[in-house]
Amino acid sequence: TYSQYLAEGFEGTAFPPTGWTTTNTNANQNWRTITGLVDGSGNTTVSPTEGTLSAAVLYDVALQDETLTTPDINLTAATSPELKFDANISYAWAVAPNDNFDVTISVIQGTTVTPIWSETDLGVFNGQQWYEIVIDLTPYVGSIIKLEFNYEGADGDYLVIDDVKVDEAPACGIPSNLSFVTANLSTTTADITWGNTGDFEIEY
């Protein structure tokens, strides 16, 4: 079985995407879509991980407290949901040698906001490099939640995210109509019958 509760790659013409919201405090730089980042020589340093657009907050010297919030995510029938997203963060300005901005992912349940991840959870990482972040959401099974992506600081640098998903990994099991016909461990093959589909051979 496989269930997907949220999937967003920020490829639409409208931003924020349908059902998403933004809360912006900085008039110059807040959440928006970008096609990539370039250095002073015009060389592309960060490109989207899928499609042609990603969501980002870019540098401003003034205070930034910018939040991107998902639509409702219904986990009432979930069993082992996970949040997965790609993140590209300036290490030098978010962690060391400077610590000028923070990235926080939180779960919203009604009026309760619970932080579940920050850039420090990555440990030592490289700037201008994508990382897939995977966060367990099983504590919220049975609930309807939102997720918020927050950038807070001043005189910081960039945060870029892409390919945001909440889903469950496929559950793999042995089909009830799978039966072994022969299994001679002294040989290198085993014959298997799978329902009415006939015989096939597995080598090991």
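This is a predicted model: local features need pLDDT of at least 70, side-chain atom pairs count only at pLDDT 80 or more; totals for chains, interfaces and linings use all residues.

Trainee: Why is valine 160 called buried?

Mentor: The term buried applies under 20% relative accessible area, and valine 160 counts as buried because its relative accessibility is 0%.

Trainee: What makes a residue a contact of valine 160, and which residues are in contact with it beyond four places in sequence?

Mentor: A contact needs heavy atoms within 4.5 Å; setting aside neighbours within four places in sequence, valine 160 has contacts that include Ile34, Ser54, Asp86 and Trp130. As for glutamine 128, which is 32 residues apart from valine 160 along the chain, the C-alpha atoms of the two are separated by 9.7 Å.

Trainee: What makes a group of residues a nonpolar core, and how many residues does the largest one have?

Mentor: The members must be buried residues of nonpolar kinds such as Val, Leu, Ile and Phe, joined through side-chain atoms within 4.5 Å, and the largest such core has 35 residues, with Leu83, Phe85, Ile89, Phe149, Ile161 and Val164 having the most contacts inside it. Among the elements that give two or more residues to this core are strand S9 (81–89), helix H1 (91–94) and S14. A second, separate core has seven residues, including Ile34, Ala56, Leu58 and Tyr158.

Trainee: Why might nonpolar side chains be found together like this?

Mentor: In soluble globular proteins, nonpolar side chains tend to be buried together.

Trainee: How do you know that S10 pairs with S13, and how do the two run?

Mentor: Pairing requires at least two bridges found by DSSP, and eight bridges join S10 to S13, therefore the two strands count as paired; they run antiparallel. Within this pair, phenylalanine 101 stands opposite glycine 153 in S13. S10 is also joined to strand S11 (residues 112–118) by six bridges, again in an antiparallel arrangement, and threonine 104 stands opposite serine 118 in S11.

Trainee: How confident is the predictor, and where does pLDDT stay under 50?

Mentor: On a scale from 0 to 100, the mean pLDDT of the chain is 87, and 81% of its residues reach 70 or more. Over residues 177–189, however, pLDDT stays under 50, although the model has 25 contacts beyond four places in sequence for them. Residues 192–204 also have a pLDDT below 50.

Terms used: Residues are numbered from 1 along each chain as its sequence is written. Side-chain values use heavy atoms; hydrogens and water are left out. Buried means under 20% relative accessible area, exposed over 50%, partly exposed in between (1.4 Å probe, protein chains only). Helices (H or I, at least four residues) and strands (E, at least two) are DSSP runs, numbered from the N terminus.
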